Structure formats: structure tokens, C-alpha cells
Amino acid sequence: MDALLIVFAMFATLLAAALTVPAGFGLATMVTPVMLVLLPEPHLAIATVAVIHAAHNGWKLVLLKNNVDFSAVKRYGWAMVLGALIGAFLSTSINPKPLLIVVGVALIVLPILSITERWTTYRLPEAEDRWGGFGSGFMGGLTGHQGALRAMFLQRRLPDKTAYAATAALLALIVDLSRLPVYLISDGAGLVEYLPLVAGSVFSAIAGVHLGKRWLQKWKKSRITTMITVGIVLSGCMYVVEGFRM
């Protein structure tokens, strides 16, 4: 692969990784379209982003581990694992074209709802946490986009932005570690073939955590969320276009 393309992917990953530390979601949404352009097959792009996503969340957890709300992890964790496994198995076996279109439409609609505050202000009942966890894990395994759904039921429960970022990182890592073995079995050879791209993007994702931690302390959460929302909508449009082009 051309070195300039790898540098482009690294820069995009660095920026996305930094932005998503305060927001708690959005890395896969912003990086996956880049990998879809650079890699020959959607499933390989999802697997590549899963490796990057796991490295990013793992390092973020190292830096923020003292702020994790473990009561939230207990509520959501087991259901997320189950959903992630089911979603990952389906991801390796279904036609990617309708998947890209459906996910793209969802990524356009959900942020619009969040702007009107019909989505972000909705608070799921405590009894429905396991369903929210399952849905987040399922979407994470299926498409890599677990964060937006997770934010729907986690953000309002953890108003402290550092506790939210730390807990979201641990929950995301649980999903990543659940789905990665499935991806490695089906796309391991492809990941090795594009190892320079994968390794460079992982490095950028880790570096982005340090930059994002500074932004977490200095920036208002509303500012970061607005930037992520714009990124999600643009990514959704790219997904729909890519789905119809295949």
C-alpha cells in the first residue's frame, strides 16, 4: 500500500481518537469510512477498525481507570458480550451491501434525533439496561458502531464527563475483546497483509488518547459532542453512497 495512504489513515485515526475521548463514542464511525476506501472488502475494514478500536479503548482505560463506574459495567457488561458475539458471527456471513445502507441511514437519523434532544435526553429505565447493553454489543459486533447506542443509556446516568469517558472505554473494550476472535478467524490473513496500515493506525489511536485526555479537561462536552455529531452524519452519508455503489 502506498505510504501516503497510510499516513492519511494515521492522521484521520489520530484526530478521531482524540475527539472521541471526551465524547465516549465515534471512533469506529469516523475511521471505518476511511478503511472502506483503502481496503478491498467491507468485512476486512470492520475487522481492521476493531483492532484499532480495541487498542484505543485499552489505552484510554489505562489512563482513566480510576474513574470507572463499575456498577454500570455490571449492569451492561454480560449483555454486551452476548450481543457482540451474535453480531460478529452475522457480520462475517451476510451480504455487506444492505448492511452498509441500513447502518448509514441509522447514522444519519440518530444524530438528527439527538439534535432535537428526543434521543439524548431519553433515559432508559433501569430494568432495560440489559437490552441497551445487548443492542450496543450487537451493533458493535455487526458493524463496529456500538458507541452511539451505548451513549443513549449511559450518558445520562453518568453526568461526570471523566467517569462517563472511563466507563464507556471499559464497556467498549468488553465488546471489542468479544468480537475480535471472530474477526481474526475470518479476516486474520487480510489483517496480516495490510499490517503496516493496521500498525500505523493503532499507534495513532493510542497517541490520540493522550491528546483527547487534554481536550477532556479543557473543552466543554457540548462542543465535542457537536463535532462528533457532524462526523457521524457525514459518515452515514458515505455508508449509504458506498452501499449503493457496490
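Trainee: Quick one: are Asp176 and Arg179 buried or exposed?

Mentor: Both Asp176 and Arg179 are buried. Keep in mind that this is a predicted model.

Trainee: What do the side chains of Asp176 and Arg179 do?

Mentor: They form a salt bridge, with 2.7 Å from N to O.

Trainee: And where do Asp176 and Arg179 lie?

Mentor: Both sit in helix H8, three residues apart, which is about one turn of the helix.

Trainee: OK, switching to the core. Which residues of the largest nonpolar core touch the most other members?

Mentor: Val31, Met35, Leu39 and Leu154 do, out of 57 residues in that core. Several helices supply at least two core residues each, including helix H1 (3-23), helix H2 (27-38) and helix H9 (195-218).

Trainee: Which helix gives the largest share of this core?

Mentor: H8 does, with 12 residues.

Trainee: What does Leu154 touch?

Mentor: Leaving out residues up to four places away in sequence, Leu154 touches Ala72, Tyr76, Tyr164, Thr167, Ala168 and Leu171.

Trainee: What do nonpolar side chains tend to do in soluble globular proteins?

Mentor: They tend to be buried together.

Notes
Residues are numbered from 1 along each chain as its sequence is written. This is a predicted model: local features need pLDDT of at least 70, side-chain atom pairs count only at pLDDT 80 or more; totals for chains, interfaces and linings use all residues. Side-chain values use heavy atoms; hydrogens and water are left out. A nonpolar core is a set of buried Ala, Val, Leu, Ile, Met, Phe, Trp, Tyr and Cys residues joined through side-chain atoms within 4.5 Å. Buried means under 20% relative accessible area, exposed over 50%, partly exposed in between (1.4 Å probe, protein chains only). Helices (H or I, at least four residues) and strands (E, at least two) are DSSP runs, numbered from the N terminus. Contact means heavy atoms within 4.5 Å. A salt bridge is a side-chain nitrogen of Lys or Arg within 4 Å of a carboxyl oxygen of Asp or Glu.
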